[in-house]
Amino acid sequence: MKEIFRYGLVLALICMIAAGLLATVNSFTKAKILAQGQKEEEVGLREVMPEAFQFEPIKSQTGEILYYKASDKEGRPVGIVFKAEGKGYSSTITTLVGMRDDFSISAIKILSQNETPGLGARVSEEDFAGQFKNKKDLNDVCAITGATISSKAVIEAVKKKVEEIKGLIKQ
Amino acid sequence: MKRKLIVSSSPHLHKDESVIKIMWMVVVSLIPAGAVGVFVFGLYAFWIIILGIITAVFTEGLIEILTKRKVTILDGSAVLTGLLLAYNLPPRVPLWLPIVGSFFAIAIGKQVFGGLGQNIFNPALVGRIFLMASWPKYMTAFTKPFDTVTSATPLALLKEAKFIEQITYLDLFLGKRGGCIGEVCIFSLLLGALFLLLRGYISWHIPIPYILTVGLFAYIFGGKTLFSGDWLFHILSGGLILGAFFMATDYVTSPLTAKGQVIFGIGCGIITSVIRLWGGYPEGVSYAILMMNAVTPIIDRYTKTRIYGTRCAK
Amino acid sequence: MRKVIGEFLKGIIKENPTFVLALGLCPTLAVSVSIINGIGMGLAASFVLVGSNLIISLIKNFIPQRIRIPCFIVVIATFVTITELMMKAYSPALNRALGIYVPLIVVNCIVLGRAEAYASKQSVVNSFFDGLGMGIGFMLALILISAIREFLGKGELFGVNLIRGFEPAFFFSLPSGALLVIGLLLGFFNLFKAKS
């Protein structure tokens, strides 16, 4: 019985030291990690909506970001940026989409995917993703030969989200 | 002294067959299918086949010399591997593709395990899968028959739920469709298969259950409603006939007993159908055979025949 | 001094964690797609190995025998978390490339294996060099595997395209390609061992 207390005590001591150490490291890196995340997001936003100057996140009642409102230097709205997710061949493909006020796509960027290299993974390439630029009707986007499932996943996800966002704006 | 008394151990009954003879017979039985392939897709396909064979033989010899083993390039098995690999390629692949594929098939699929009789997987299919994973854009680019225009295979069209152009069962049977070089002409494949069956080089225990299973699955699940699928289309398209008669029946990588072979065939059929009907790829014959190759030792273990004179294990 | 050098060197060739001990193959398979990833993973694992070996060797007399594994894991997990936080703050791109395999260093059998088999029995100095040697051995193995895979699978080394017109075999970027490369390298390692 005495042993078990000794074990508990030793383990607790080690855990306490570890926790203290981690708390210290965390306090140093927290701000930096947050800044890195924001910087990354900003780079992505700029990429899909180059004409915009500022991005303002629009949140739902539960606090999750629905989309970003993009505006130019004078503060005039130019469009919105949002994320679209779709189930591809072997992964969920997340796409960042920039849409102008006239509902044409400014650009898209594949944020994350884990599709087959050489086939589905080619959705990230300019040959495919570049097709979305300045399009209103996404039915014109050609799927990659041999990677129909991944291509369709991106196209359908963007289409669906566009409709969703249109509905949100009207409200 | 012509009638010497030779004392040797069993078996005492000999048949005038050998591995070498059987291998060459299989090669011969495959010639008609390849000839039609070349006729349908042009002389370019012929060079693919030749390069596949030469590379396979060369690789086999080279590795056997390097590892100081007996050189067995004349036993026909390397020729057969190269030939089958080339038959499994689309007709307009770049010419280095059969070379790389054959090299991989022999080096990794066969020699790494120790040569003929030691390999776990069908070497030609190992080569094909490697090419499929490595250069999918070439391996999925098919052409129309008698033409160099690219078009999808009937199975791929079915998968994308597109309208299938006027393609009749007769077209499929005779080989007037897009597909791999050796798989298109069902008629000549069946001719070769019949020859092998009649000579007893292969038995029906693998191919027939395999094909029937695919047909049954296609009939039950292949249509818009249950029991309305186009089973004949599924049997006649893709590489099913080539795979069932010439690759699933590979002595080295399939079960030994008749019972085991039937299980093997049904297993191949189920996997092929599942891939064709619900999977990401339009065709699943090569994956099905490779997967069943992997479970062959287990099948053999559970279908072992009782040694004559011993009791059944309790 | 000679002993210490021996402890350091054995991890690189004679007891190479990947090719001889065949430990930690899961992260090896997963991250060895490019050399940069391999070096990143190797450095992270080396840091954790050296740190945990050092601390465990220091406190080995203090830890009761029966609860040594949880104690080791806490020490290892602490170092891994430090590594992960640092990576997120200063090298987010690498962190994203390595993904889940950074936190998974906690259960990397090299780290726990060295703690259990070596650091909990040996002096602090020896443990430090054992950890360093093992870490570098692991990193060298990763670099070798990832160099082969990056070249054959992407036609690149360090992200630079080497030969124009070379069409890479994507197979080597896939997990199955990693298994094949590791298997063949293990075979060659055994061949040389058998010869010498």
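**Reading burial, spread and contact in a predicted model**

Mentor: Let's start with A:Q36, which is buried at a relative accessible area of 14%. This is a predicted model, where local features need pLDDT of at least 70, side-chain atom pairs count only at pLDDT 80 or more, and totals for chains, interfaces and linings use all residues. Residues are numbered from 1 along each chain as its sequence is written, chains are lettered from A and ligands numbered from 1 in the order in which they are written, and side-chain values use heavy atoms, leaving out hydrogens and water.

Trainee: Why is A:Q36 called buried?

Mentor: Buried means under 20% relative accessible area, exposed over 50%, and partly exposed in between, using a 1.4 Å probe and protein chains only. A:Q36 has 14%, so it is buried. This residue lies in helix α1 (residues 2–48) of chain A; helices are DSSP runs of H or I with at least four residues, strands are runs of E with at least two, and both are numbered from the N terminus.

Trainee: Which residues does A:Q36 touch?

Mentor: Leaving aside residues up to four places away in sequence, A:Q36 touches C:K88, C:A89, C:Y90 and C:P92. Contact here means heavy atoms within 4.5 Å.

Trainee: How many residues does each chain bring to the contact between chain C and chain A?

Mentor: Chain C brings 23 residues and chain A brings 19. Together they bury about 1900 Å², 83% of it on carbon and sulfur atoms. Buried area is the accessible area (1.4 Å probe) that two parts lose on being put together, summed over both. In chain C, the residues losing the most area to chain A are C:F62, C:L85 and C:A89, together 23% of what that side buries.

Trainee: What makes chain A more spread out than a compact globule?

Mentor: Chain A comes to three helices and five strands. The radius of gyration is taken over C-alpha atoms, and the globule rule is 2.2 Å times the number of residues to the power 0.38. For 171 residues that rule gives 16 Å, whereas chain A has 22 Å, well over it, so chain A is more spread out than a compact globule.

Trainee: How do you know whether the radius of gyration of chain B agrees or disagrees with a compact globule?

Mentor: With 314 residues, a compact globule would have a radius near 20 Å; chain B has 20 Å, so the value agrees. Chain B has 14 helices and zero strands, and 53% of its 314 residues count as buried.
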